[in-house]
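Here is a short briefing on a two-chain complex.

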Amino acid sequence: MIRALMLLRRRVVGSVFVLLIVVIGTFVLLEAAPGDAVDAYIVSTGGDAGMIELLRHRWGLDQSELTRLANYLWALLHLDLGQSVTFARPIRDVILERLPNTLLLMVSATALSFGLGSALGIYAGARPGSARDRFLSIGSLALYAVPGFWLGLVLIVIFAVDLRWLPIGGIETLASDKTGVDRAADIATHLILPVAALGFIYLALYLRMMRAGMAEAWRQDFVLAARARGLSRRRLVLAHVARNALLPLITMLGLQSAQMLGGSVVIESVFSVPGLGRLAQEAVASRDTPLLLGIILTSAVLVVVINLLVDIAYAFLDPRVGAGEAGA
Amino acid sequence: MSPARRFLRTPEAVAGAILLAALIAMALVALLFPGDPQAIAGPALLPPFQDWSLPLGTDRLGRDVLAELFHGARASLAVGLAAAAAALAIGSVVGTLAGFAGGLVDEVLMRITDAFQTVPSFLLALAFVSVVGPSLGVVVIAIALGTWPGPARIARAEVLSIRERDYVASARAIGMHPLEIAFREVLPNALPPVLAMSSVIVAAAILTEAALSFLGLGDPNRVTWGGMIAEGRAVLRTAPFLSIVPGIALVLTVLGVYLAGEGIVETTAVRRGLS
């Protein structure tokens, strides 16, 4: 356990460095963007050359790059991401308002893809080479080739336009005063299609990983030993073969969180879900670079936190991590 | 048995090869396609299979969907291959430097790699294109920026094992410059596992390009499948085929890349006796 804690501390220290690099990267992009905060401000409010001079000085934009980077870091340490010109509000507030919707979408899509993907993977991998194994293997490869945003549109055509079973977009029915369970049910109905569109690609990924891991595990000596002990097939598959194939999937869960955040940009745009991804697209459309970079920083922090959580989960699930692989 | 015949023995690889051949044929035909795919070819919103001079119908502006589809194949293929090549090149150079130099250089390069993997690659591409401005070249770089860390990690792991081999030691003994050893002796031998990733990377690049164009961040002067899907979205209720047709082309392309890639990896694995 102490080893696991030391490993965790190493990861936290490493993460701080990684985030620092991300901050410097976003600062460089911010500098490279045409125009600065003052230009954006003047465009929206108007003002003369003297005003521009004054604002540049007040916001510290007339100082050297290094001083500005230091100011930027100092502001970030106070969780100050600056002001959004398009929303005329602090960027932090705009992001915090949208974040819960994206988290809800991501957690649901992860639950769907991980749960169903690993279950189908176990089903396929339990009998390697069987008809169902080949069918699921080819089916998952085909699913893996489908772009999420296009799948989203196809689902809209089928379930929202033709069948009219599900709402076409949004996170909940507007201007309805639903509360409690009714509201939760309303949100859940709105989430079905976006969650499917976002989660299906990863479902294919987890299915394939589980299947490949199980194919590997079947060849191991401990499976032969378990067979020799006369375990029932069900116990053999679940307790020995699948269990060993599960650990890499948990690592993948952390690695995929960044991809999924990226994927939510298009999915939220397709389904008009007011989340972080849709906000990123709005920021691009209105050329609000500070807002876009604020979203990138928030996502990076989110990814780091998710990966740390995955590391902790891993340390609990895999006894070897605590025992001797601290350097790995 | 020759590698080509072994490759063609698996049905998946054959299917992949056929799909890719069709895609390349489409892209080549687009070179010969008379005129501009963005020109008005007939009445607006003609459904598919109605008029045989316009087999897949027309879009909102009356442009020929089939011509657009063929030209889109070119853009997809070009961006996918160029971005993957750039990502593999950056990744193998960074991975080789990190693995061969070790120490502080390794530490710094790997933290930078971590940083690039921490930022969602699609958001990075979005930010890069929106800051620099959309064009085919910028889209290629934007996609490569988010994809190189994978190959870099694999190259580094491979270099770490190669660096202790005898031929590297003898290259050191004859006084070769370390950079020359790294890029002449080590890098070429570290490439096979990196190249094994290329099908996945090409596929991811094609999908990312499509998503960028879908959000209106592709090259505005070129027809792309993602852009066609976005165009069709405006009339999704009345003419869903406009979004569905280019999407099918995308799925088949990416599937072809995956299948052919798996076939190649399997063929070479057999040859190296790893099967």
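In helix α7(B), the buried residues are Pro149(B), Gly150(B), Pro151(B), Ala152(B), Arg153(B), Ile154(B), Ala155(B), Arg156(B), Glu158(B) and Val159(B). That makes ten of 14 residues, so the helix is mostly covered. The model is predicted.

**Covered helices of chain B**

- α7(B) runs over residues 149-162. From its first C-alpha to its last, the helix reaches 20 Å, close to the 20 Å expected at 1.5 Å a residue.
- Which elements cover the buried residues of α7(B)? The cover includes α3 (65-101), α4 (103-118), α6 (136-147) and α9 (178-195) of chain B.
- Arg153(B), Arg156(B) and Glu158(B) are among the buried residues of α7(B), and these three count as charged.
- Helix α11(B), residues 225-233, is also mostly covered. Seven of its nine residues are buried.
- The buried residues of α11(B) are Trp225(B), Gly226(B), Gly227(B), Met228(B), Ile229(B), Ala230(B) and Gly232(B).

**Chain B as a whole**

- Chain B has twelve helices and zero strands. Along the sequence, the pattern is α-α-α-α-α-α-α-α-α-α-α-α.
- The C-alpha trace of chain B spans about 75 × 50 × 30 Å along its principal axes.
- Of the 275 residues in chain B, 51% are buried.
- Among contacts in chain B with a separation of 6 or more, 69% join residues 24 or more positions apart.

**Chain A as a whole**

- Chain A holds 13 helices and two strands.
- Its C-alpha trace spans about 85 × 55 × 35 Å along the principal axes.
- Buried residues account for 36% of the 328 residues of chain A.
- For contacts in chain A between residues at least 6 apart in sequence, 73% link residues at least 24 apart.

**Where the chains meet**

- How many residues of each chain are in contact with the other? The contact involves 40 residues of chain A and 34 residues of chain B.
- On the chain A side, the elements giving two or more residues are α1 (2-32), α6 (131-144), α7 (148-162), α10 (233-270), α11 (276-285) and α12 (289-317) of chain A.
- α12(A) gives the largest share of that side, with nine residues.
- By class, the side of chain A that touches chain B has 32 nonpolar and eight polar residues.

**Confidence**

- The predictor gives the complex an ipTM of 0.84 and a pTM of 0.86.
- The mean pLDDT of chain A is 83, with 92% of its residues at 70 or more. Chain B averages 84, and 91% of its residues score at least 70.
- Among the elements of chain A, helix α5(A), residues 91-125, has the highest mean pLDDT, 91. Helix α13(A), residues 319-323, has the lowest, 55.
- Over residues 322-328 of chain A, the pLDDT is below 50. Beyond near neighbours in sequence, this stretch has eight contacts in the model.
- Where pLDDT is low, the predicted coordinates should not be read in detail.
- In chain B, confidence is highest in α6(B), at a mean of 92. Confidence is lowest in helix α1(B), residues 3-7, at a mean of 69.

Terms used. Residues numbered from 1 in each chain as written. Chains lettered and ligands numbered in written order. Predicted model: local features only at pLDDT ≥ 70, side-chain atom pairs only at ≥ 80, totals over all residues. Contact = placed C-beta atoms within 7 Å. Helix = DSSP H or I, 4+ residues; strand = E, 2+ residues; numbered from the N terminus. pLDDT = per-residue confidence, 0-100. Buried ≥ 20, exposed ≤ 12 C-beta atoms within 10 Å, placed from the backbone. Expected span 1.5 Å × (residues − 1).
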